Amino acid sequence: MESHFFSMLLFAGFVSLVFSVLMKDEPGDQLRLGVTLFISFVGAAVALGWIFFPFPL
Amino acid sequence: MGRKSRESRRVRVGVKPPQAFTGPGSGRAVVVATIAWMIPGCGHFWLGRHQKGIVFLIALPVMFAIGLGFEGRLFSFEASQPLALLAAIAEFGNGLPYLIAVGCGIGEGRVVAETFEYGNTFVIVSGLLNMLVCLDAYDVALGRK
């Protein structure tokens, strides 16, 4: 449970939830925006991970 | 194609218009924003936005609690350390959960913990998100949304 990836998923989930509820009024719009934000967060994190993969620690 | 008006948007989504305040609008809005800061989500509850209020009431304190569970630290207000001061200001945005944690002595943080930085991130961001929620409640109270 205490993996870096899970922590990142948890963080992305909470931030996506709050932003989607804050910015939209209709539940359908909130859900669409929330899913979009979550996928964007996770996708960006994974992409950055692969971009930095060739570089040593 | 013209843009839909704010009033027609309220009708379409079934949102109640902001409550009419008898006193100066900005004064009441400040009270609503203060309540929203103190208890995340309660500002929206007071304004009739129950669905948003419930989400913020659950999500933000849970995020704060997870941050503390990850052994994140509640930074103190030290002017000599600007970055810690900024973190303390952000964490202060959590409102009552922050005050309770500080009062109970929770939030010492354990630097050597693997989840220390994640905990800090959760606590800081939950405070910042609550600040956004307060601003939203303020705008709704003023009738801007």
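Predicted model: local features only at pLDDT ≥ 70, side-chain atom pairs only at ≥ 80, totals over all residues.
Let me begin with Ile100(B), which is exposed, as 12 other C-beta atoms lie within 10 Å of its own. By the convention used here, a residue is buried if 20 or more other C-beta atoms, placed from the backbone, lie within 10 Å of its own, exposed if 12 or fewer, and partly exposed in between. Ile100(B) sits in helix α6 (residues 96-103) of chain B; helices are DSSP runs of H or I of at least four residues and strands are runs of E of at least two, numbered from the N terminus. Between Ile100(B) and Pro82(B) there are 18 residues in sequence and 24 Å in space, C-alpha to C-alpha.

Residues are numbered from 1 along each chain as its sequence is written, while chains are lettered from A and ligands numbered from 1 in the order in which they are written.

On confidence, the complex receives an ipTM of 0.87 and a pTM of 0.83 from the predictor. Chain B has an average pLDDT of 88, with 83% of its residues at 70 or above; pLDDT is the predictor's confidence in each residue, from 0 to 100.

Staying with chain B, which residues of α2(B) are buried? They are Ala29(B), Val32(B), Ala33(B), Ala36(B) and Trp37(B). These residues lie on the same side of α2(B), because they cover an arc of only 140 degrees around the axis, the arc being that of the directions from the helix axis to the C-beta atoms. Their cover includes α3 (42-46) and α7 (116-141) of chain B.

A further point is Glu71(B), in the loop between α4 (50-69) and α5 (82-92) of chain B. Glu71(B) is not a glycine, yet has a positive phi of about 65 degrees. Glu71(B) is also buried, with 20 other C-beta atoms within 10 Å.

Turning to chain A, we find two helices and zero strands. Its radius of gyration is 14 Å, well over the 10 Å that the globule rule gives for 57 residues, so chain A is more spread out than a compact globule. That radius is taken over C-alpha atoms, and the rule is 2.2 Å times the number of residues to the power 0.38. Buried residues account for 18% of the 57 residues in chain A.

Finally, the contact involves twelve residues from chain A and 18 residues from chain B, where contact requires C-beta atoms, placed from the backbone, within 7 Å.

Conventions
Contact = placed C-beta atoms within 7 Å.
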